[in-house]
Amino acid sequence: MKVGIVIIGRNEGQRLIDCLLSLPKSLPVVYVDSNSTDSSVAEAKKAGAVVEQLDMTLPFTAARARNQGWKALLKKHAELDYIQFLDGDCQLDSGWLDIAFSFLEQNPQYAIACGRRCERYPKASLYNYICDIEWNTPVGDAKSCGGDALIRKSVLHEIQGYRESLIAGEEPEMCVRIRQAGYKIRRVEQDMTWHDADMHRLSQWWRRSVRCGFAYANGAALHGGKPERHCFKETVRALLWGLFLPAIFLVLGLFSYLFFFLF
């Protein structure tokens, strides 16, 4: 298989080690590190990966890391046809690459194959369990993929990769441009990766939700118009529940307060 692997991460610890151990040893790997203070860089080198350090004097985005990773990979291995992207907190399922590679080889109109991302410990917390449900998207043609996906090199070059200014939601935004270029995306019925959310506190979930809302707003600003309507409904719902309804209750509360004292 003419497949290379790009991993991005920062301070993933044992999760990165597990990720590296899950990879086929015959495939080239690039690990892009975002200023880790643990042993991530040393562990990646020990596993045989080429390590790229992300320039942290610039604003951090995962999109920047992904772009730096696939460009560094192809600089050393121009013969590759596909790139498997992984987050450093994920393990690759042993059966995934054969199935995804075969699908893309047989279906040139598809630019991306993605599968089921599963939580390694869904019962460890309510938040892990919710993530596991969220990852289980419908099988078939899809509008977008997540951070884990097998992508054609030629399409990455054509659409110039991820939009580096986005701090979140870079994969769905790239998928919009891929579909606009005439390609398709397929969610294959196969386990792809095993993710460790390691989420046990409400504050962690809250930060994730804020980041998600920001991604929706950015997506709608870029592609929210017709015919795409990318992230439009999600942004409207966020505004309704996060802004308009609280504002209405606040106004009603003030009127009730004034009514009580005046009458």
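The secondary structure of the protein chain comprises nine helices and nine strands, where helices (H or I, at least four residues) and strands (E, at least two) are DSSP runs numbered from the N terminus. The model is a predicted one, in which local features need pLDDT of at least 70 and side-chain atom pairs count only at pLDDT 80 or more, whereas totals for chains, interfaces and linings use all residues. Residues are numbered from 1 along each chain as its sequence is written, and side-chain values use heavy atoms, with hydrogens and water left out.

Along its principal axes, the C-alpha trace of the protein chain spans about 80 × 45 × 40 Å. Of its 263 residues, 47% count as buried, a class defined by a relative accessible area under 20%, with exposed meaning over 50% and partly exposed in between (1.4 Å probe, protein chains only). With contact taken as heavy atoms within 4.5 Å, 71% of the contacts between residues at least 6 apart in sequence join residues at least 24 apart.

Helix H3 (residues 62-76) has 15 residues and reaches 22 Å from its first C-alpha to its last, close to the 21 Å expected at 1.5 Å a residue, the expected span being 1.5 Å times one less than the number of residues. H3 is mostly covered, 11 of its 15 residues being buried, and these include Arg64, Arg66, Asn67 and Trp70. The cover over the buried residues of H3 includes strands E1 (3-9), E2 (29-33), E3 (50-53) and E4 (82-87), together with helices H6 (153-159) and H7 (170-180). In helix H1 (residues 14-21), the buried residues are Arg15, Leu16, Asp18, Cys19 and Leu20, and what covers them includes E1, E2, helix H2 (40-46), E4 and strand E5 (90-92).

The structure holds zero disulfides, a disulfide being a pair of cysteine sulfur atoms within 2.5 Å. The sulfur of Cys19 is 7.1 Å from the closest cysteine sulfur, that of Cys90, and this is too far for a bond. Cys131 is likewise in no disulfide, as the nearest cysteine sulfur, in Cys212, is 11 Å away.

Tyr110 lies in strand E6 (residues 110-119) and is buried, with a relative accessible area of 6%. Leaving aside neighbours within four places in sequence, Tyr110 is in contact with Phe103, Leu104, Asp141, Arg152, Lys184, Ile185 and Arg186. By contrast, the C-alpha atoms of Tyr110 and Leu222, 112 residues apart along the chain, are separated by 23 Å.

Backbone geometry was also examined. Most residues other than glycine have a negative phi, and most peptide bonds are trans. The peptide bond from Lys226 to Pro227, however, is cis, with omega near 0 degrees, and Pro227 lies in the loop between helix H8 (202-223) and helix H9 (232-262). Arg229, which lies in the loop between H8 and H9, has a positive phi near 55 degrees and is partly exposed, with a relative accessible area of 37%. A positive phi, near 65 degrees, is also found at Gln160, which is located in the loop between H6 and H7 and counts as exposed at 63% relative accessibility.
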